[in-house]
Amino acid sequence: MDIIKLNNNYYFAIADNSSITTDINNLRLGEIKKKGIFVLRIDFSSISTKDYKKILKKLLFIKKILTLNNFKIGISEGSKDCIGYLINYDKNNKSHNDFISGINAILYNTRYERYNYIYDTVCNYLDNCFCNQHLCDFKDNKCGEKRNTTSTVGCCRHFRIKWLGPLTKLVQCEYLNQDYTCSTKCISCKLFTCDYLKKKGIEFRIKDILLLNVFFNPIQKYFIKYMVFKPKEAIIKKIMFF
Ligand code: SF4
Ligand code: SF4
């Protein structure tokens, strides 16, 4: 049987086992408790992508209540726990994989661990987009947007206020490594899309990234978008507060 490994010792099986499962479209706490077992059945042909957010929010709520009541999530198979069965799953379908990442996030037991997982997963996705697709069109260390300027570090520079002498100075970001990578995994910088990228039709919006859209409230989304030039730890600390 094919499986998809998740974190926290869980996995999905790619198969059908309707006899023991709860359809993800039909999550009812009372029925789950009556059944005495919580194993999901996800038939991707029966869910519309526009309902992903609503379903994941409901699943998060149900999982929290079940955990509070010491109700086992999934069934043990050897040393691992099967959280459910996938039907009509396409491993090359980004929406299917994003939905599974959402369930993976829900299976963390603390908010900090969940945010950390989401943060890293989204950063990896954005890094892959920027690097694999060469979105910024760097040539001789000059990106598309800054081609006719002196910047050889793209947008990894900012103004610093000086109290003596001229008031402000444009400086290279202190988190930029010598190999031009970011030492601090700033998600807000990674989400930034300049005019050059927008003209190419590229824009990373929080509402289009399922993990960010589902698990964060408007204030948290504000900080995720605008805390540029800040380290990961500072951003997670801020969003934990709200
Ligand atoms: S996001 Fe825009 S300004 Fe920043 S490095 Fe890429 S092309 Fe340059
Ligand atoms: S924090 Fe932002 S500006 Fe600084 S190196 Fe990282 S991506 Fe560049």
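## Ground rules

Helices (H or I, at least four residues) and strands (E, at least two) are taken here as DSSP runs, numbered from the N terminus. This is a predicted model, where local features need pLDDT of at least 70 and side-chain atom pairs count only at pLDDT 80 or more, while totals for chains, interfaces and linings use all residues. Residues are numbered from 1 along each chain as its sequence is written, and chains are lettered from A and ligands numbered from 1 in the order in which they are written.

## The overall picture

You're looking at a protein with nine helices and eight strands. Its C-alpha trace spans about 75 × 35 × 30 Å along the principal axes.

## Two domains

The chain splits into domain 1 (3-109) and domain 2 (136-241), with bounds that come from an automatic or database domain assignment. Their C-alpha centres sit 35 Å apart. Eight residues from domain 1 and five residues from domain 2 make the contact; being in contact takes C-beta atoms, placed from the backbone, within 7 Å. On the domain 1 side, α2 (52-68) and α3 (94-106) are the elements that give two or more residues.

As for α2, it has 17 residues and reaches 24 Å from its first C-alpha to its last, close to the 24 Å expected at 1.5 Å a residue (that is, 1.5 Å times one less than the number of residues). After α2 comes Asn 70, with a positive phi near 55 degrees.

## Lys 142

Lys 142 belongs to the loop between α4 (111-132) and β7 (157-161). Lys 142 counts as partly exposed because 18 other C-beta atoms lie within 10 Å. Leaving out residues up to four places away in sequence, Lys 142 touches Arg 147, Ser 151 and Thr 152.

## Around the ligands

The shell around ligand 1 includes Cys 136, Cys 143, Cys 155 and Cys 194, along with Glu 145 and Lys 146; a residue makes the list if its C-beta atom, placed from the backbone, lies within 6 Å. By class there are seven nonpolar, two polar and two charged residues. Ala, Val, Leu, Ile, Met, Phe, Trp, Tyr, Cys and Pro count as nonpolar, Asp, Glu, Lys and Arg as charged, and the others, Gly among them, as polar.

Around ligand 2 you'll find, among others, Cys 156, Cys 173, Cys 182, Cys 186 and Cys 189. This shell has nine nonpolar, one polar and no charged residues.

Key: A residue is buried if 20 or more other C-beta atoms lie within 10 Å of its own, exposed if 12 or fewer, and partly exposed in between; C-beta atoms are placed from the backbone. Two residues are in contact if their C-beta atoms, placed from the backbone, lie within 7 Å.
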